[in-house]
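Hi,

Here is the structure I promised to pass on.

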Amino acid sequence: MYKAILFDLDGTLIDFHACEIRALKDAYRGAGYDVDREASWARIWEAYAPISASYWSRRAGRGWSRDEVTERIMRDTLVALGQDERAAAAIAGRYRKGISRLAYLNPGAREILERLAPHFKLGLV
């Protein structure tokens with residue numbers, strides 16, 4: 001009989017993609033970028049997404065901290081957009097602050113936790 005169940009937070013319980021988009025929009029909006037018009041946001045996202053994926057896939061072998069990766073992503077995104085890269089640190093800081101405060105649960109996550117909690121110890125990995 002199982003005594004405990006472990007859950008992965010990112011992607012299992014939490015909709016990280018929704019959190020990421022909200023935090024990015026807030027960070028870029030705070031730096032004066034128009035993220036409320038779909039075309040403007042699409043341009044930022046199209047630059048950001050492949051850069052982000054590339055950095056996160058290379059992080060482990062490089063010894064970069066999460067903060068370093070985030071700032072590099074924002075810097076390269078700004079360069080790809082033809083913007084001044086000096087805003088990268090401020091955007092990265094706003095993004096980190098925002099993403100750390102967001103937690104959009106995936107559909108059904110709360111219900112499954114509530115059903116399991118009386119019967120098992122629950123943990124996050």
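Below is what I found, from the overall fold down to a couple of residues.

First, the ground rules. This is a predicted model, with local features needing pLDDT of at least 70 and side-chain atom pairs counting only at pLDDT 80 or more, while totals for chains, interfaces and linings use all residues. Residues are numbered from 1 along each chain as its sequence is written, and side-chain values use heavy atoms, with hydrogens and water left out.

On to the fold. The protein chain has five helices and two strands, in the order β-α-α-α-α-α-β from the N terminus. Helices (H or I, at least four residues) and strands (E, at least two) are DSSP runs, numbered from the N terminus. The radius of gyration is 17 Å, well over the 14 Å that the globule rule gives for 125 residues, so the chain is more spread out than a compact globule. That radius is taken over C-alpha atoms, and the rule is 2.2 Å times the number of residues to the power 0.38. Along its principal axes, the C-alpha trace spans about 60 × 35 × 20 Å.

Buried residues account for 30% of the 125; buried means under 20% relative accessible area, exposed over 50%, and partly exposed in between (1.4 Å probe, protein chains only). Of the contacts (heavy atoms within 4.5 Å) between residues at least 6 apart in sequence, 64% join residues at least 24 apart.

Now the inside. The largest nonpolar core has 30 residues, and those with the most contacts inside it are L24, Y28, I44, M74, I91 and Y95. A nonpolar core here is a set of buried Ala, Val, Leu, Ile, Met, Phe, Trp, Tyr and Cys residues joined through side-chain atoms within 4.5 Å. Two or more residues each come from α1 (16–30), α2 (38–62), α3 (66–80), α4 (88–99) and α5 (109–116), and α2 gives the most, with six.

- M74 touches L24, Y28, Y48, A88, I91, A92 and Y95, leaving out residues up to four places away in sequence.
- I73 sits in helix α3 and is buried, with a relative accessible area of 2%. Neighbours within four places aside, I73 is in contact with Y48, I51, S52, Y55 and W56. The C-alpha atoms of I73 and A53, 20 residues apart along the chain, are separated by 9.2 Å.

Cheers
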